[in-house]
There are 2 protein chains.
Amino acid sequence: MRNFIILGHRAVTTPQFSLNDLPGSGGRMDLITRAINVAFCISHDIRRDTEVAAVLLGPEDPPKTIRFIGSLLKYLNPDERSTGALIRNALVKMYAEKMKKSDYKIKLKPEHDKNFKMFAGEIRSSPGIYISNNGLEEVLAFYLEKGPIIHLDEQGKDIEHNFPSQACTFILSDDKNFSEEEERLLKHIEAPSISLGPISLHTDHCISLIHNYLDRKEEN
Amino acid sequence: MRNFIILGHRAVTTPQFSLNDLPGSGGRMDLITRAINVAFCISHDIRRDTEVAAVLLGPEDPPKTIRFIGSLLKYLNPDERSTGALIRNALVKMYAEKMKKSDYKIKLKPEHDKNFKMFAGEIRSSPGIYISNNGLEEVLAFYLEKGPIIHLDEQGKDIEHNFPSQACTFILSDDKNFSEEEERLLKHIEAPSISLGPISLHTDHCISLIHNYLDRKEEN
């Protein structure tokens, strides 16, 4: 399994944003959509061994965590706008739930991955996409049960000789650095810091590099 | 220098496409915009040592080549939609030029890179962005003058031990394979085939990997 936790510090947490302006009205939601697309999309297929938890921390109702489960995921296209629509759809469902205006039934039909485990208070938005009111602390605790969490950081040790063999979860921030509180949480769980190279890269480019690193490693 | 030639087999060559539907109306223009964004965008900066030539081969007026020159480039944001607008803008200028309805002056003020060389019939669309009616054959000849061209291909030799030291131009296709005619052109210029790993990846992910490979190499 390859899990990615992506922090969106300004990414909005209610569905009132425009798909025509993901960077502005979405609070850099474009960056979150690219990270999701890179995590899952390969040529004519989806990586089924991957999960992404996007932790949205922007206005007006933070936090929201949207999880994308590769083994169950449907309707994901590689472009930003369609992934933005999947995120907005999840936020709409959560908002409707909250407002108790939910005149549709939240579908909870069993999914076809027997290893899939739901998160506290999570509701299903569309196949393979789940939303909850959990924040970073809960998400870290959830993924820590699956194995160690690695903190991607320019100041970390080089990936080449410092990659823990049983690693399965990577945490990345958006264009903002981790806050002091977030750094404290990462320190508390003793997440090792790993660097991917000499140049500071965008979140989605880092995910490409981690996947390739693991692909090559698994091949040998 | 790092140059990338990206082939868009269906990417439209007139400006009548919607920024709200880059995959459909643009002929997978989303893929071209992502490749451009990954080629240039690093954290809070642009790679000034990079050039991209996007060769558009879709309807209605192929071919069109739009070149993005890192050393001169302005107004590039990392999201798909804004890059789609830069491409559409270039196609509008070329279309106006063609229709002889050009009631504006094509700006040809000198740019600030003394090494910058213009291409036959190229017009400037916006800072660092140039458009011409050239096709793949002309683009290959132009970049061949700068050094060898490497063909990214799943069937090629592994990048790890087969990376020519003086390489400067990489050619990648979109979601379609190279056509027979394109393969013939690549064979004619003796472009070596290089593979990036065991899994067939999207064009933009390949560009991330090449940049990281070169970044790490240059650091050592």
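**Exercise 1. A proline and its peptide bond**

In which loop of chain A does A:P63 lie? Determine also the form of the peptide bond that joins A:P62 and A:P63, and examine chain B at B:P62 and B:P63.

Solution. The structure is a predicted model.

Step 1. A:P63 is found in the loop between β4 (50-56) and β5 (64-69) of chain A.

Step 2. The bond joining A:P62 and A:P63 is a cis peptide bond, and its omega is about -10°.

Step 3. In chain B, the peptide bond from B:P62 to B:P63 is cis, with omega near -10°. B:P63 belongs to the loop between β4 (50-56) and β5 (64-69) of chain B.

**Exercise 2. A backbone angle**

Describe the phi angle of A:Y75 and locate this residue.

Solution. Step 1. Phi of A:Y75 is near 65°, which is a positive value in a residue other than glycine.

Step 1. A:Y75 is placed in the loop between β5 and α2 (80-98) of chain A.

**Exercise 3. The interface as a whole**

Describe the interface of chain B and chain A by its residues, its buried area and its salt bridges.

Solution. Step 1. Chain B gives 34 residues to the contact, and chain A gives 34 residues.

Step 1. The size of an interface is often expressed as the accessible area lost when the parts come together. Here the buried area is about 2,900 Å², with carbon and sulfur atoms giving 54% of it.

Step 2. Four salt bridges are found across the interface. B:E160 forms a salt bridge with A:R216, with the closest N and O atoms 3.7 Å apart. There are also 15 residue pairs in polar contact across the interface.

Step 3. In chain B, the elements α1 (29-40), β2 (41-42), α2 (80-98) and α5 each supply at least two residues of the side that touches chain A. The most comes from α5(B), with seven residues. This side of chain B has eleven nonpolar, ten polar and 13 charged residues.

**Exercise 4. A salt bridge within one chain**

Find the partner of B:R2 in a salt bridge and state where the two residues lie.

Solution. Step 1. Over all chains, the whole structure has 36 salt bridges. In one of these, B:R2 pairs with B:D215, the closest N and O atoms being 2.9 Å apart.

Step 1. B:R2 is in strand β1 (residues 2-8) of chain B and B:D215 is in helix α5 of chain B; the pair links distant parts of the chain, 213 residues apart.

How values were computed
Residues are numbered from 1 along each chain as its sequence is written. Chains are lettered from A and ligands numbered from 1 in the order in which they are written. This is a predicted model: local features need pLDDT of at least 70, side-chain atom pairs count only at pLDDT 80 or more; totals for chains, interfaces and linings use all residues. Side-chain values use heavy atoms; hydrogens and water are left out. Contact means heavy atoms within 4.5 Å. Buried area is the accessible area (1.4 Å probe) that two parts lose on being put together, summed over both. A salt bridge is a side-chain nitrogen of Lys or Arg within 4 Å of a carboxyl oxygen of Asp or Glu. A polar contact is a pair of N or O atoms within 3.5 Å; within protein, one must be able to donate a hydrogen and the other to accept it, and residues adjacent in sequence count only if both atoms are side-chain atoms. Helices (H or I, at least four residues) and strands (E, at least two) are DSSP runs, numbered from the N terminus. Ala, Val, Leu, Ile, Met, Phe, Trp, Tyr, Cys and Pro count as nonpolar, Asp, Glu, Lys and Arg as charged, and the others, Gly among them, as polar.
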